[in-house]
Amino acid sequence: MSPAHPSVLVIDDEVQIRRIVRFTLEAAGFRVDEAETAQSGLARAATQQPDGIILDLGLPDQDGTQVLRRLREWSRAPVLVLTVRDTEESTLQAFEAGGDDYLTKPFSSRELVARLKAILRRVQAAPESAVIAFGEIEIDLAARQVRRGGIEVKLTGKEYALLQLLAQHRGRVVTHRQILRELWGPHAVESTHYLRVQMVHLRKKLERDPERPRHLQTDSGIGYRLVET
Amino acid sequence: MQLGRECVLVATALGAVTGVGLALYPGLSPLSIGLLYLLAIIGMSLRIGRGPMLAAGVLSAVLWDFFFVPPRFALRIDTFQDTMMVAIYLVLAIVAGQTAARIRTQARRERMAADSERLHRTILEGVSHELRTPLAVIGAALENLENADAARSAQLIAEMRMAARRLNRQVGALLDQSRLETGALRPRLDWCDLTDLLQAAVTAARDALAGHPLSVSIAPGLPPIRADFGLMETALSNLVLNAALHTPPGTEIRLEAGRTADGARVFLRVADRGPGLPAALRERLFEKFERGERGRARGLGLGLSIARGFVAAQGGELVAEEPAGGGTVFAIYLPRCDPQPESG
């Protein structure tokens, strides 16, 4: 279960941002630790093992995307990227590097707290198990079987691969590029229409209302995410 | 490449082919030697410009005709077949040279466009960071203010004030830079008291100066200077701000005013004992949007550009000096002019 006061590491070179984020998070019951540079941020993440990390992309000594990649080599702590960069490209890069959520500055402090809590919940609710169950769906990764309300659903190879990929990263956005590379190979990263077709099939088979999907959600322009609740 | 060097290259290459051709002559047919010339032309076209390339094409055709196409050692051509051969050669040599030159120009243009786009993006990102960071602080503080007690409210208001000052400074800097560039700067020179001026500059940079010991010294008997108070204050506070932002906390910053050794000029100096400037950066830092080593420095990169522009507009000079004991020194020099004694 989640600790009563989860710890969060804030990596940002702007002292005022660190102070206001600390203020906001402490008011919401978090314990807060700070780092000013990429280097010290990685070091503190390793020694303090925070429950979650808030990361700026424009750090003085190294780009935040790079920090994320290095962090992901040994840490699964959820990372919320908090940055002034508002382009689709930088959002994609952050998700591909292993970010769990992305919020641009100026930000709403209420939204920051809500999103942080959400990514912390997702990680805690994800035990390593061969069977993933949510709503009326059960995915048995070992038997490669999918059941809906206890009845087996027949999926094609591609549909299953797509579902499996999203399930492995459940709660997190998987970008179109990541999925296409994984399922169709590196030459197909631009062919998002392959993906859209498979997603339509998958939703028809698994969602109660395929027009308004509850579990297989779209992050428009970015990718898809499997939501368990 | 320089035109002179291009001509030398053409002469050397064509001379070499001609030499090789003469040495091997009956062994190599005139046609084979023509192909050797063509090879040299194509090789050169990767290195030199269109004009010299055209000359090289024509010259090689003449050399080939003169030395190798029968009748040898004459510019005459007798048979229809030889005429056709030389004509085709000429066309090939010219087209190959011009095409390669055009491709090279195109590649250079694309490289320049990519460079300029990269620069543009970096600048935009810097501006967006500098304006949005204080806005983010103000927005988040305002939200927190709604349910904060008195002590915490005071803390939040202090944060907002600080952020607003920074925002104001950055917007001011963008406006100052555009005033400089559009030539809309009209300095109003007046007598300025140095104590007031230095004090105003320090006040403008007070947020950043927290944690830096500061010493101000004004040489005794120094008369007021002739300057535009507002412009000089901005220039000085930019220098103080730089010293505070680019040295570790606790580093002392010194402000000094005095006369130069020859007594002809007045100087205002901002000195620190921080890490100092690499020699290569010393002049580049005065360019607009220049932030020094990539990523290490924050800000818009306009402070020094504005400071130099403002000082120059008042007839002065701003330079980065190399202090003997390390650290960084920026010095403003102004022509000395003593106020006229009151008449009557």
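**Before you start.** Residues are numbered from 1 along each chain as its sequence is written, and chains are lettered from A in the order in which they are written. As the model is predicted, local features need pLDDT of at least 70 and side-chain atom pairs count only at pLDDT 80 or more, while totals for chains, interfaces and linings use all residues.

**Stop 1: each chain.** Select chain A. It has eight helices and twelve strands. These elements are DSSP runs numbered from the N terminus: helices are H or I of at least four residues, strands are E of at least two. Of its 229 residues, 38% count as buried. Buried means 20 or more other C-beta atoms within 10 Å of a residue's own; exposed means 12 or fewer, and partly exposed lies in between, with C-beta atoms placed from the backbone. Now select chain B. Here there are ten helices and seven strands. Of the 344 residues of chain B, 31% count as buried.

**Stop 2: the parallel sheet of chain A.** Show the strands β1 to β5. They form an open five-stranded sheet in the order β2-β1-β3-β4-β5, with parallel pairing. Two strands pair if DSSP finds at least two bridges between them. At the edges sit β2 (31–35) and β5 (101–104) of chain A, each pairing on one side only. From one strand to the next, the twist averages 20 degrees. Zoom in on β1 (residues 7–11) and β3 (residues 52–55) of chain A: four bridges pair them in the parallel sense. A:I11 stands opposite A:L55 in β3(A).

Stop 3: Angles run from 0 to 180 degrees between N-to-C directions; axes are lines fitted to C-alpha atoms, for helices over the stretch in contact.

**Stop 4: the core.** Select A:V81. Leaving aside neighbours within four places in sequence, A:V81 is in contact with A:L55, A:L57, A:G64, A:A94, A:G99 and A:Y102. Contact means C-beta atoms, placed from the backbone, within 7 Å. A:V81 is also among the residues that touch the most other members of the largest nonpolar core, which has 62 residues; B:V137 is another. Such a core is a set of buried Ala, Val, Leu, Ile, Met, Phe, Trp, Tyr and Cys residues joined through C-beta atoms within 7 Å.

**Stop 5: where the chains meet.** Select the contacts between chains: 17 residues of chain A are in contact with 17 residues of chain B. On the chain A side, α1 (15–27) and α5 (109–124) each supply at least two residues. The largest share, seven residues, comes from α1(A).

**Stop 6: a hairpin in chain A.** Move to β11 (residues 216–219) and β12(A), which run antiparallel and are joined by four bridges. A:T218 stands opposite A:Y224 in β12(A). Three residues lie between the strands of this hairpin, and A:G221 takes a positive phi near 80 degrees. Next, select β10 (residues 174–175) of chain A, joined to β12 (residues 223–226) of chain A by two bridges, also antiparallel.

**Last stop: B:A279.** Find it in the loop between β5 (265–272) and α9 (281–284) of chain B. B:A279 is exposed because 9 other C-beta atoms lie within 10 Å.

Note on methods. Contact = placed C-beta atoms within 7 Å.
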